[in-house]
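Here are some notes for a colleague who has not seen this structure before. They start with one term and then go through the points in turn.

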Amino acid sequence: NPDAFAPWVSRFFAEYALAHLDECDAADPAARLAHLAQRFDDIAAATPTRRKTLLREFLGFMRSQVVLRLQDRLTASTGSPEYFREDLTRWIEANGRALTESRPPRLRGWSEDLDADGCAEALAADAAAFAARLRAWPTAWAACAGHMDELVRL
């Protein structure tokens, strides 16, 4: 039986950033990155309960979207081989079960041994690290931009 869809943490970060785009009006890209870094610092500093909620909501949304897309594909696959339709059905069922079962809210790439609290801690660590990278990006970009001719020759 297939496992339910589990996106990478980078997908969580991308979806979270897209959901909060309208919260920053700064014209300066560095200021926008700093604002976004603060949002991820906020996740890192949230309570474990809040981080688990964020993960469960995200996984619920993503898996429900997967179920809808697979159901659409199943409906459109009337002329497909039976094994293909059976595979689609198994994927739909796996993701449907994941929506109702109480599983740790684990993202892809995290240890299979993590319980829900471990997932909350993994999210905190990943969010803090990502915030640090966002803050470093303008400096890295400026350093590279000053040496563009040399970098292009590499």
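1. A residue counts as buried when its relative accessible area is under 20%. The model discussed here is a predicted one. By that cut-off F12 is buried, and F13 is buried too. For F13 the relative accessible area is 7%, and for F40, also buried, the value is 0%.

2. F13 and F40 make an aromatic pair of the edge-to-face kind, with 4.9 Å from centre to centre and 70 degrees between the planes. This pair joins distant parts of the chain: F13 belongs to helix α1 (residues 9-19) and F40 to helix α2 (residues 29-45), 27 residues apart.

3. The count of aromatic pairs comes to eight. In one of them, the ring centres of F12 and F13 are 6.0 Å apart and the planes stand at 70 degrees, so this pair is edge-to-face. A cluster linked by ring pairs takes in F12, F13, Y16, F40, F58 and F130.

4. The protein has six helices and zero strands. Its radius of gyration is 20 Å, well over the 15 Å that the globule rule gives for 154 residues, so the protein is more spread out than a compact globule. The C-alpha trace spans about 60 × 40 × 30 Å along its principal axes.

5. Of the 154 residues, 31% count as buried. The protein exposes about 9700 Å², and carbon and sulfur atoms supply 56% of that area.

6. Where do the charges lie on average? The mean positions of the 19 positive and 23 negative charges are 2 Å apart.

Definitions and conventions: Residues numbered from 1 in each chain as written. Predicted model: local features only at pLDDT ≥ 70, side-chain atom pairs only at ≥ 80, totals over all residues. Heavy atoms only, no water. Phe/Tyr/Trp six-rings, centres within 6.5 Å; stacked < 30°, edge-to-face > 60°. Buried < 20%, exposed > 50% of the residue type's maximum accessible area, 1.4 Å probe, protein only. Helix = DSSP H or I, 4+ residues; strand = E, 2+ residues; numbered from the N terminus. Rg over C-alpha atoms; globule rule 2.2 N^0.38 Å. Areas by Shrake-Rupley, 256 points an atom, 1.4 Å probe, with all protein chains shown as cover. Lys, Arg positive; Asp, Glu negative; His and termini not counted. Charge placed at Lys NZ, Arg CZ, Asp CG, Glu CD.
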